[in-house]
Amino acid sequence: MTSATGSSQASAEAAEDAEDGAYAATERTVPTRSRDRAAYDHETVHAILDAGYVCHLGFVRDGAPVVLPTLYGRVGDRLYLHGSTGSRPLRMAGATPDPGLAVCVTVTHVDGLVLARSAFHHSINYRSVVVHGTAHQVTDQAEKTAALDALVDQVLPGRAADSRPGNAKELAATAVIRLDLREVSAKIRTGGPNDEPEDLALPYWSGVLPVAPVYGAPIPSDDLAPGTTLPAYLSALSPATED
């Protein structure tokens with residue numbers, strides 16, 4: 001159990017980290033291998049989080065680990081995740097008398113397949129963020145509404161303002177959890193394969209196959225109201241698409 005002194009010290013360290021523009025490295029966020037690939041500065045961490053919208057939420061249920069894919073949204077130094085009010089992890093995050101759920105959230109982007117001459121040195125180029133902490137259920141309605149808007153805009157910036165907000169019934173059926181960005185690290189791999197010197201003459205192709213997401217042309221729904229035009233935030237993703 002954390003003492004009051006320990007909590008105060010942690011708060012002071014968090015405040016100092018915020019001023020320094022970096023998250024404090026901890027035993028859980030320092031990798032055991034390839035430490036040179038780790039980063040803790042806010043700019044790097046936020047850029048990786050902002051480039052995605054799918055995360056994996058890990059927690060312990062009935063003594064066993066569970067990892068679930070879900071959507072997230074970032075607002076400042078907080079992540080928001082949502083689901084049904086019947087969702088096990090969301091209910092656990094709001095349980096009493098000890099609210100809060102210990103979680104680990106990960107976000108990963110694959111940027112390239114690294115093909116080496118040897119099977120052992122095959123790898124991927126990637127950007128990832130790992131967040132440890134305690135998630136809490138959001139009960140303030142204003143914060144909940146802002147969090148849900150952030151989730152929609154995380155997937156497609158500009159969409160929240162271009163759709164009907166949730167009504168009272170929908171909001172009552174939706175739970176949102178909040179995870180503060182405190183114990184955070186990013187890890188990045190770039191560059192080509194690390195072949196052994198004795199393998200360089202082998203007759204196998206070696207290099208990187210880039211990987212990147214591609215958006216197709218938007219497909220309108222069959223019941224789209226006549227005269228509804230393609231919004232700019234969609235046409236910008238598909239430059240060749242005509243309205």
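Predicted model: local features only at pLDDT ≥ 70, side-chain atom pairs only at ≥ 80, totals over all residues.

Visitor: How many salt bridges does the structure hold?

Guide: The structure holds 9 salt bridges. Arg78, Glu143, Arg178 and Asp180 are linked in a network of them.

Visitor: Start with Arg78 and Glu143. How far apart are the closest N and O atoms?

Guide: In that salt bridge the closest N and O atoms are 3.2 Å apart. Arg78 belongs to strand β4 (residues 78–84) and Glu143 to helix α4 (residues 141–155), so the bridge ties together parts that are 65 residues apart in sequence.

Visitor: Is Glu143 buried or exposed?

Guide: Glu143 counts as buried, at 18% relative accessibility; the cut-off for buried is under 20%. Arg78 is partly exposed, with a relative accessible area of 31%.

Visitor: And which side chain meets Arg78 at 2.8 Å, N to O?

Guide: That is Asp180, also in a salt bridge. Asp180 lies in strand β7 (residues 174–180) and Arg78 in strand β4, so this pair ties together parts 102 residues apart in sequence. Asp180 is partly exposed, at 28% relative accessible area.

Visitor: What about Arg159, which residue does it form a salt bridge with?

Guide: Arg159 pairs with Asp162, and their closest N and O atoms are 3.6 Å apart. Arg159 is partly exposed at 33% relative accessible area, and Asp162 is partly exposed at 38%.

Visitor: Back to α4. How far apart are its end C-alpha atoms?

Guide: They are 22 Å apart. The 15 residues of α4 should span 21 Å at 1.5 Å a residue, which agrees.

Visitor: Which residues of α4 are buried?

Guide: The buried residues are Glu143, Lys144, Ala147, Leu148, Ala150, Leu151 and Gln154. Seen down the helix axis, they fall within an arc of 160°, so they line one face of α4.

Visitor: What covers the buried residues?

Guide: The cover includes α2 (42–50), β3 (64–75), β4, α5 (168–172) and β7.

Visitor: Take Ala150. What does it touch, not counting residues up to four places away in sequence?

Guide: On that count, Ala150 touches Gly73 and Val75. Ala150 is buried, with a relative accessible area of 14%. Its C-alpha atom is separated by 8.1 Å from that of Tyr80, a residue 70 places away along the chain.

Visitor: Now the largest nonpolar core. Which residues touch the most other members?

Guide: Of its 24 residues, those are Leu49, Leu79, Val103, Val105, Val129 and Val131. The elements that give two or more residues to this core are α2, β2 (54–61), β3, β4, β5 (101–115), β6 (123–137), β7 and β8 (183–189). The largest share, 4 residues, comes from β5.

Visitor: What does Val131 touch?

Guide: Leaving out residues up to four places away in sequence, its contacts include Leu79, Val103, Val105, Leu179 and Val184. Asp180, from the salt-bridge network, is another residue that Val131 touches.

Visitor: And which residues does the second core include?

Guide: The second, separate core has 7 residues, among them Tyr80, Ala147, Leu151 and Val176. Ala147 and Leu151 were both listed among the buried residues of α4.

Methods
Residues numbered from 1 in each chain as written. Heavy atoms only, no water. Salt bridge = Lys/Arg side-chain N within 4 Å of Asp/Glu carboxyl O. Buried < 20%, exposed > 50% of the residue type's maximum accessible area, 1.4 Å probe, protein only. Expected span 1.5 Å × (residues − 1). Arc of directions from axis to C-beta. Contact = heavy atoms within 4.5 Å. Core = buried A, V, L, I, M, F, W, Y, C linked by side-chain atoms within 4.5 Å.
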